[in-house]
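These exercises are to be worked with the sequence and the 3D structure at hand. Each task is followed by a solution in steps.

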Amino acid sequence: MSKRDKPMRNILVVEDNTDIANLVSMHLQDLDARVHIAETGTKGLLEIESDDYDLVILDIMLPGMDGIEICRRVRQQENYTPILMLTSKSSELDRVVGLEVGADDYLTKPFSVRELVARAKALFRRVETLKKQYSGNSDSPPTIQVGDLVIYTNKRQVTLNEGVIELTAREFDLLWHFAQRPGQVFTRSQLLDSVWGYGHDGYEHTVNSHINR
């Protein structure tokens, strides 16, 4: 399939700052994407519930409904939608809570648009990998069992002593990555590159947050 024949990606930007939303939209369109903007949390959630999106870029501080609550509701849905959360630089708690309720990644304001585009590309690559797993076109085993711990690749589910363990999407990816390579030691940079899909210096604390949880 040529680049021209590939379907356009559908991206939603939920951001109440018009200048930021328009700037992000302009650059994401370079990824052959159709970008929609919602200025409030309520409108953003309605958009997500009424259409299929390949990526949602979600600000935390929003009128109507905050990004944390939107993320929590989206993760209760059956369909998986990648979420990149935008947070205030001074609010570490918001970033941690955002990741805990299911955000795939986050960027702190002010951020580099170039880095945001790189993060979006990494999430797209990750979704393509997941699709291969679901379709059976991957070399990964359908299940990995270590003692009483069982990882179901296709269902993206983990059980311990037959009880389901609640994990965020990225926590599952980390566990699955480790389970396929028992006994191997990784640096934070290697995990960023392999699991997150990028290796920017200074973001190793992202790995720390997920490992700690």
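Helices and strands here are DSSP runs, a helix having at least four residues and a strand at least two, and they are numbered from the N terminus. The model is predicted.

**Exercise 1.** State how many helices and strands the chain has, and what share of its residues is buried.

Solution. Step 1: the secondary structure amounts to 8 helices and 9 strands. Step 2: the chain has 213 residues, and 44% of them count as buried. Step 3: of the contacts with a separation of 6 or more, 54% are between residues 24 or more positions apart.

**Exercise 2.** Give the strand order of the parallel sheet and identify its edges.

Solution. Step 1: the order is β2-β1-β3-β4-β5, an open sheet of 5 strands with parallel pairing. Step 2: β2 (33–38) and β5 each have a single partner strand, so they stand at the edges and one side of each lacks a neighbour in the sheet. Step 3: with direction ignored, neighbouring strands are turned by 20° against each other on average. Step 4: helix α2 (residues 41–50) packs on this sheet and touches β1 (9–14), β2 and β3 (55–59). The direction of α2 makes about 160° with that of β1.

**Exercise 3.** Describe how β5 is joined to β4, then decide whether D105 is buried or exposed.

Solution. Step 1: β4 (residues 83–88) and β5 run parallel and are joined by 5 bridges. Step 3: D105 lies in β5, which spans residues 105–109. Step 4: the cut-off for buried is under 20% relative accessible area. D105 has a value of 1%, so this residue is buried. Step 5: A120 is 15 residues from D105 along the chain, and their C-alpha atoms are separated by 9.4 Å.

**Exercise 4.** Give the strand order of the antiparallel sheet and find the helix that lies across β6, β7 and β8.

Solution. Step 1: the 4 strands form an open sheet in the order β6-β7-β8-β9, with antiparallel pairing. Step 2: β6 (143–146) and β9 (163–165) are the edge strands; each has a single partner strand, so one side of each is left without a neighbour in the sheet. Step 3: from one strand to the next the twist averages 25°. Step 4: the helix is α6 (residues 169–179), which runs at about 110° to β7 (149–152).

**Exercise 5.** Characterise the second largest pocket by volume, lining and residue classes.

Solution. Step 1: the volume of the second largest pocket is about 640 Å³. Step 2: 23 residues line this pocket, and R75, Y80, R156, L167 and A169 lie nearest its centre. Step 3: α3 (67–74), β8, β9 and α6 each supply at least two residues of the lining. Step 4: by class, the lining residues are 10 nonpolar, 6 polar and 7 charged.

Definitions and conventions
Residues are numbered from 1 along each chain as its sequence is written. This is a predicted model: local features need pLDDT of at least 70, side-chain atom pairs count only at pLDDT 80 or more; totals for chains, interfaces and linings use all residues. Side-chain values use heavy atoms; hydrogens and water are left out. Two strands pair if DSSP finds at least two bridges between them. Axes are lines fitted to C-alpha atoms, for helices over the stretch in contact, and angles run from 0 to 180 degrees between N-to-C directions. Contact means heavy atoms within 4.5 Å. Buried means under 20% relative accessible area, exposed over 50%, partly exposed in between (1.4 Å probe, protein chains only). On a 1 Å grid over the protein atoms alone, a cavity is a set of points where a 1.4 Å probe fits but cannot get out, and a pocket is an open set with protein on both sides within 12 Å along at least five of seven lines; lining residues have an atom within 4 Å of a point. Grid points are joined across faces, edges and corners, and a volume is the space filled by probe spheres set on the points. Ala, Val, Leu, Ile, Met, Phe, Trp, Tyr, Cys and Pro count as nonpolar, Asp, Glu, Lys and Arg as charged, and the others, Gly among them, as polar.
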